[in-house]
Amino acid sequence: MGRWSQKVASPFLTWLGVGAAARWSDVGCGTGALSETILRRHDPASVGGLDRSAGYVAYARARLQEPRVRLAIGDAAALPWKAYVFDATVCGLLLNFLPDADLAVREMARVTTPGGMVAAYVWDYSRGMEMMRHFWDAAVALWAETAALDQGERFPLCQPEPLKALMTQAGLQSVEVCAIDIETRFRDVDDYWRPFLGGQGAAPSYVLALDEHARQRLREAVRERLPVAPDGSICLQARAWAVKGISPRS
Ligand SMILES: C[S@@+](CC[C@H](N)C(=O)[O-])C[C@H]1O[C@@H](n2cnc3c(N)ncnc32)[C@H](O)[C@@H]1O
């Protein structure tokens, strides 16, 4: 986890324009990619991270060993923090997976000081995240019923207007959306395919459930779609949609 989110983290944080010495929180911090970038580039007073996975929190604790960081195991729907304790609350690559993203954004707004920043980013699964698009387009072309699993279909939130509406309905002000485009480079087809064999999420679970013959068919169908350079490498674009809003002064 974090191979690509780390690349989105820097432009995302720069876009927020939060000054030094801020108190940050990172909801769904995972292995700590976003928190680490906050520490490295934004000179925070503190970073409070939260994830529901004890394993990821343990990993992030080992990675971010410094007194400004406090990491907790918990749920984005019920943040274990008092109101108004952060200047900036961020959330990377999580909102679309939540059963109630609206509740999570309200929680992010609750813990953020009036006038503070609440922001998030998600992958553009339906178009701009080419790594996933090639995978699902190949799978659906082989087996039409796979369309029901396609994250482009399942995550309508991952577009500018729904993201803007989510933040506005949570009471945030001056809401803005921006596209963040990064390059995702793979050494070769194996390097591209490996995350689908072992990672978490819908696509790896789908690959894992296939028998060996079907798995090889799918790999070959994906490979045919990939823009493989003469040296074997593959360069794809990945678009994230970022959204930010200001916590209201009550
Ligand atoms: C795709 S990962 C992104 C991690 C990290 N933000 C990054 O950008 O690398 C999504 C994370 O959200 C966490 N997560 C999923 N549901 C959650 C929930 N209800 N509350 C808190 N964390 C959750 C997962 O454990 C995982 O670490």
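## Basis of the description

Residues are numbered from 1 along each chain as its sequence is written, and side-chain values use heavy atoms, with hydrogens and water left out. Because the model is predicted, local features need pLDDT of at least 70 and side-chain atom pairs count only at pLDDT 80 or more, while totals for chains, interfaces and linings use all residues.

Helices (H or I, at least four residues) and strands (E, at least two) are DSSP runs, numbered from the N terminus.

## Helix 9 and its two partners

Two packed helices are described by the angle between their axes and the distance between the axes. The axes of helix 5 (residues 130-142) and helix 9 (residues 202-209) come within 11 Å and cross at roughly 40 degrees, where axes are lines fitted to C-alpha atoms, for helices over the stretch in contact, and angles run from 0 to 180 degrees between N-to-C directions. This angle makes helix 5 oblique to helix 9; angles under 35 degrees count as roughly parallel, over 145 as roughly antiparallel, 65 to 115 as roughly perpendicular and the rest as oblique. Helix 5 passes helix 9 in a left-handed crossing, a term used if the near helix is turned anticlockwise from the far one by less than a right angle, with clockwise giving a right-handed one. On the helix 5 side the contact (heavy atoms within 4.5 Å) is made by Met132, Phe135, Trp136 and Ala139, and on the helix 9 side by Ala202, Ala203, Tyr206 and Val207. By class, the residues of this contact between helix 5 and helix 9 are eight nonpolar, no polar and no charged, with Ala, Val, Leu, Ile, Met, Phe, Trp, Tyr, Cys and Pro counted as nonpolar, Asp, Glu, Lys and Arg as charged, and the others, Gly among them, as polar.

Helix 8 and helix 9 have axes that come within 6 Å and cross at roughly 80 degrees, and these two helices are therefore roughly perpendicular to each other. From helix 8, Trp193, Pro195, Phe196 and Leu197 meet Ala203, Pro204, Val207 and Leu208 of helix 9. The contact of helix 8 with helix 9 has eight nonpolar, no polar and no charged residues.

## Salt bridges

Side chains of opposite charge can pair when their charged atoms come close. A search of the whole structure finds 15 salt bridges, each being a side-chain nitrogen of Lys or Arg within 4 Å of a carboxyl oxygen of Asp or Glu. Asp181 forms one of them with Arg239, with the closest N and O atoms 2.8 Å apart. Asp181 lies in strand 6 (residues 173-186) and Arg239 in strand 7 (residues 234-246), so the pair ties together parts that are 58 residues apart in sequence. Asp181 is partly exposed at a relative accessible area of 43%, and Arg239 is also counted as partly exposed, at 26%; buried means under 20% relative accessible area, exposed over 50%, and partly exposed in between (1.4 Å probe, protein chains only).

Arg219 forms a salt bridge with Asp190, the closest N and O atoms being 2.3 Å apart. This pair links distant parts of the chain, with Arg219 in helix 10 (residues 212-225) and Asp190 in helix 8 (residues 189-198), 29 residues apart. Arg219 counts as buried at 18% relative accessibility, whereas Asp190 counts as partly exposed at 42%. Elsewhere, Asp43, Glu66 and Arg68 are linked in a network of salt bridges, in which the side chains of Arg68 and Glu66 meet at 2.7 Å, N to O. Arg68 is partly exposed, with a relative accessible area of 24%, and Glu66 is partly exposed at 27%.

Ser5 belongs to helix 1 (residues 5-16) and is buried, with a relative accessible area of 11%. Not counting residues up to four places away in sequence, Ser5 touches Ala33, Leu93, Tyr121 and Trp123.

In helix 4 (residues 101-111), the buried residues are Ala101, Ala104, Val105, Glu107, Met108, Ala109 and Val111. The buried residues of helix 4 pack against strand 1 (23-27), strand 4 (86-92), strand 5 (112-123) and helix 7 (160-169).

## Positive phi in two loops

Ala21 has a positive phi of about 65 degrees although it is not a glycine. Ala21 lies in the loop between helix 1 and strand 1, and counts as exposed at 53% relative accessibility. Leu93, a contact of Ser5, lies in the loop between strand 4 and helix 4, and has a positive phi of about 60 degrees without being a glycine.
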